[in-house]
Amino acid sequence: VDVIYCVLQIGVLHPMMQLFTTVAFAAALISGASGFSCQQPHGSRAATSQLKMSPSGESSRRDILSNAASAAALGISALVIDPNTASAASLRTGTITPQSAANKAAESYQGVYSDPNHPDGYRVIMASGKGATMTLSDGGSGAETYKNIPVGVNGNELSFDFGFKGGPKGVIAVLSDDKQSITFPDGNSWTKNMNKYDGIYKDPKYPNGYRVIRKYRGDTKIINFIAEVNDTGNEKDSVFCQGSHASLFSIPTAAFTFYDLPGTEKPKEDEKPTNFVSYALQKPKDYSNGVPTVGQFSLEESNTVFPYGTITFPDKTVWTRI
């Protein structure tokens, strides 16, 4: 690991190191690791609806490790998924796989939306009963987050009441045919999952729960996204964790690192983390951002291992976007 750290510091990932990390990740998928259940965090880490971030400092060993890990993760994505490599060829069928086709067909209006009038904010629209509910924040310093806002759903039409923030009531917006945007009468359009990876995901182990991943717009370059993990469907049971991702230029696949994902614990002294890729890319005792767990995000339609719209973890847990 010390050797890998030295190689990563200078921004070069030797082909043998790429091979090691790729084989390790594949081995983890085959053998499995500890599961990820949504529990309340241990000790003093109580569940909260707001995630507090520690401010980023000057360039440090931690920063180098984080940046290097992202660069290396990009290398892993390229090595495993890149169609120009022999390894990737065995993972692709050349045509859309049945699982990817099913995942695409199941997509709906649900998701994380971006409003161009509020670029720092977000809107999460999720099915609830016969309709839906929305969580809305316009972003910016001190911006309020509004939750459980009713949304009417009638085919491809969604009705909104913006009276809670002094706006109009009974506004009818139209969902696009590809289900990737909502357009309002004034011409404004909300784009769904604009950052490609954001959205609402389902874990088959918790059919009543959900996972919401959205971009983090804070002042640190280390943290890229926030994940809300909920196993029950009850908002009070939500646990928030932060994460970082490899370069999005690697999409349709990219490595995503979740810090303190519910169900993971810091290894004991001299015990390796259960996630092999994390161990390869990060010093074992560096948990300044939390315990890392690496998942593989994919929008690749013909990949037989990482289907479209999924995040796959080493213990074979798969989150599927809806």
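**View 1. Ile-226 in strand 11 of the predicted model.** Ile-226 is placed in strand 11, where helices (H or I, at least four residues) and strands (E, at least two) are DSSP runs numbered from the N terminus. This is a predicted model, in which local features need pLDDT of at least 70 and side-chain atom pairs count only at pLDDT 80 or more, whereas totals for chains, interfaces and linings use all residues. Residues are numbered from 1 along each chain as its sequence is written, and side-chain values use heavy atoms, with hydrogens and water left out. Ile-226 counts as buried because its relative accessibility is 7%, the term buried meaning under 20% relative accessible area, exposed over 50%, and partly exposed in between (1.4 Å probe, protein chains only). Gln-242 of strand 12 stands opposite Ile-226; the two residues are 16 apart in sequence, with 4.6 Å between their C-alpha atoms.

View 2. Strand 11 is largely enclosed by the rest of the structure, because 6 of its 6 residues are buried. In a regular strand the side chains alternate between the two faces of the sheet. Here Phe-225, Ala-227 and Val-229 point one way, while Ile-226, Glu-228 and Asn-230 point the other way, and all are buried. Strand 10 (residues 210-215) runs antiparallel to strand 11 and is joined to it by 6 bridges, with Asn-230 of strand 11 as the bridge partner of Tyr-210. Strand 12 (residues 239-245) also runs antiparallel to strand 11, through 5 bridges; two strands are said to pair if DSSP finds at least two bridges between them.

**View 3. The largest nonpolar core and Trp-319.** The largest nonpolar core has 18 residues, and Ile-213, Phe-258, Phe-297, Ile-311 and Trp-319 have the most contacts inside it; such a core is a set of buried Ala, Val, Leu, Ile, Met, Phe, Trp, Tyr and Cys residues joined through side-chain atoms within 4.5 Å. Two or more residues of this core come from each of strand 11 (225-230) and strand 13 (253-259). Apart from this core lies another, of 17 residues, which includes Val-151, Leu-158, Leu-175 and Phe-184. When neighbours within four places in sequence are left aside, the residues in contact with Trp-319 (contact meaning heavy atoms within 4.5 Å) include Tyr-201, Arg-211, Ile-213, Val-229, Phe-258, Leu-261 and Phe-313. Ring pairs also link Trp-319 into a cluster with Tyr-197, Phe-225, Phe-256, Phe-258, Phe-297 and Phe-313.

**View 4. Aromatic pairs around Trp-190.** The structure holds 16 aromatic pairs; rings of Phe, Tyr and Trp (its six-membered ring) pair if their centres lie within 6.5 Å, and planes under 30 degrees apart count as stacked, over 60 as edge-to-face and the rest as tilted. Phe-162 and Trp-190 form an edge-to-face pair, with 6.2 Å from centre to centre and 75° between the planes. Because Phe-162 lies in the loop between strand 5 (157-160) and strand 6 (171-175) and Trp-190 in strand 8 (residues 189-192), this pair ties together parts that are 28 residues apart in sequence. Phe-184 and Trp-190 form a tilted pair, at 4.8 Å centre to centre and 55° between the planes. Phe-162 and Trp-190 are buried, and Phe-184 is buried as well.

View 5. Asn-103 is placed in helix 5 (residues 98-105) and is buried, with a relative accessible area of 7%. A polar contact of 2.8 Å joins its side chain to that of Gln-99; a polar contact is a pair of N or O atoms within 3.5 Å, of which, within protein, one must be able to donate a hydrogen and the other to accept it, while residues adjacent in sequence count only if both atoms are side-chain atoms. Not counting residues up to four places away in sequence, Asn-103 touches Pro-307, Tyr-308, Thr-310 and Thr-320. The charged end of Lys-104 sits over the ring of Tyr-308, 5.1 Å from its centre, a charge being over a ring if NZ of Lys or CZ of Arg is within 6 Å of the ring centre and within 35 degrees of the ring normal. Elsewhere, Arg-214 lies over the face of Tyr-122, at 4.0 Å from the ring centre.
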